[in-house]
Amino acid sequence: MKIRQGRAKGLFGNKGAEGRLGNVPKYIKQILKKKKKVKVLEVGTGYGRALLELKNLFGDRVETYGINAEPEWNQKLVKKYALHEKLFDKQNINKNLPKIFILDAGKKLPFKNNFIDLIINPATMQYIPDKIHFIEESNRILTKEGIAALELEEVRNEHPLEYKNLFEIWDNGVKVDFLKYLKKFKNIKIKKSKNRPWHYILITKVKKLDFKLKYITSINLEEQFSSNWEIRWWGKKSIYVVK
Ligand SMILES: C[S@@+](CC[C@H](N)C(=O)[O-])C[C@H]1O[C@@H](n2cnc3c(N)ncnc32)[C@H](O)[C@@H]1O
């Protein structure tokens, strides 16, 4: 099995993922003080390494769910990967697999209100066309004890100026600073990601999270692809106007 490194980071083994969402096991322990079991959703599951690691750490005290965009990145692939990496043996694999949904996380998420206790999205926000809708949906599905630790990936310093910011917000012809805009929402804490120029946010549940932003479009910067890896552009720039 050929493993694409960018999609196999997990939370512990690979330094690239460290400190970009805070401390995920700590959030789980926090929620476990209030609940017997924690439902964890990783948006942009890749091979499922992070969810498998959490199963290894917490066993039956976590129930794991994943979302990927491409049909081939399904539960079968996660199983193959887990066996290949010897994360679980054949006897124990099935009960430790996450339930995987294949969809665009910028659309309605496939969970009822107040269902998931912890939501993470390592290395994935950049690919979601309607990022704001995804953040609002995360709040909708979150339980009252829950935390959404979402990596924003709001800036790509290596892009040309026009494409640096992956969240672009306009208010009557004036560009609005996205992080400043977020500060208006009291249930959202903004934190700096470790070793990365961008931030992550910690969301606690409110009845309805409405950013009052209208989605205009997204520009797929990877279509401006350069074969030179060093100057490659990443993800999708999402554009909004204040309602
Ligand atoms: C770079 S991988 C990250 C994998 C893993 N979280 C990690 O840190 O190693 C990006 C993931 O985002 C997923 N993805 C891309 N676009 C998406 C979208 N619109 N909605 C949901 N997932 C998406 C891909 O399927 C892929 O699993």
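Mentor: Start with a facing pair: leucine 118 stands opposite isoleucine 147 in E5. This is a predicted model. The pair belongs to E4 and E5, which run parallel and share 4 bridges. Strands in a sheet pair through backbone hydrogen bonds, in either the parallel or the antiparallel sense.

Now take the connection. E4, H4 and E5 form a β-α-β unit, and its hand is right. Helix H4 covers residues 131-141. It is largely enclosed by the rest of the structure, because 9 of its 11 residues are buried. Those buried residues are Lys131, Ile132, His133, Phe134, Ile135, Glu137, Ser138, Asn139 and Ile141. Charged side chains are on that list, Lys131 and Glu137 among them. The buried residues of H4 pack against E4 and strand E5 (142-151). They also pack against strand E6 (167-171), E9, strand E10 (213-220) and strand E11 (236-242).

E5 itself is largely enclosed too, since 7 of its 10 residues are buried.

Go back to E4 and look toward E1. Strand E1 (residues 38-43) runs parallel to strand E4 (residues 116-120), with 3 bridges between them. Here leucine 41 faces isoleucine 119 in E4. In a regular strand, side chains alternate between the two faces of the sheet.

H2 has its own buried set: Arg49, Ala50, Leu51, Leu52, Leu54 and Lys55. Their cover includes E1, E2, helix H3 (75-84) and E4. After H2 comes glycine 59, with a positive phi near 55°.

Two loops by the sheet strands deserve a look at the backbone. Most residues other than glycine have a negative phi. Asparagine 114 is not a glycine, yet its phi is positive, about 55°. It sits in the loop between E3 and E4. Asparagine 114 counts as partly exposed, because it has 14 C-beta neighbours inside 10 Å. Asparagine 195 also has a positive phi, about 60°, and is not a glycine. Its place is the loop between E8 and strand E9 (199-203). With 10 C-beta neighbours inside 10 Å, asparagine 195 counts as exposed.

Next, two of the strands that H4 packs against, E6 and E11. Serine 238 lies in strand E11. It is buried, with 28 other C-beta atoms within 10 Å; the cut-off for buried is 20 or more. Setting aside residues up to four places away in sequence, serine 238 touches Pro129, Asp130, Lys131, Leu166, Phe167 and Ser218. Lys131 is also one of the buried residues of H4. Serine 238 and isoleucine 169 are 69 residues apart in sequence, but 8.5 Å apart in space, C-alpha to C-alpha.

Tryptophan 170 is in strand E6. It counts as partly exposed, with 15 C-beta neighbours inside 10 Å. Tryptophan 170 and isoleucine 239 are 69 residues apart in sequence and 8.0 Å apart in space, C-alpha to C-alpha. Neighbours within four places in sequence aside, tryptophan 170 is in contact with Lys175, Val176 and Val241.

Last, the ligand. It is surrounded by 22 residues, and the closest are Lys9, Gly44, Gly46, Pro122 and Tyr127. By class, the shell holds 11 nonpolar, 7 polar and 4 charged residues.

Conventions: Residues numbered from 1 in each chain as written. Predicted model: local features only at pLDDT ≥ 70, side-chain atom pairs only at ≥ 80, totals over all residues. Near = placed C-beta within 6 Å. Pairing = 2+ DSSP bridges. Buried ≥ 20, exposed ≤ 12 C-beta atoms within 10 Å, placed from the backbone. Contact = placed C-beta atoms within 7 Å. Right-handed = clockwise from strand over helix to strand, strands pointing away.
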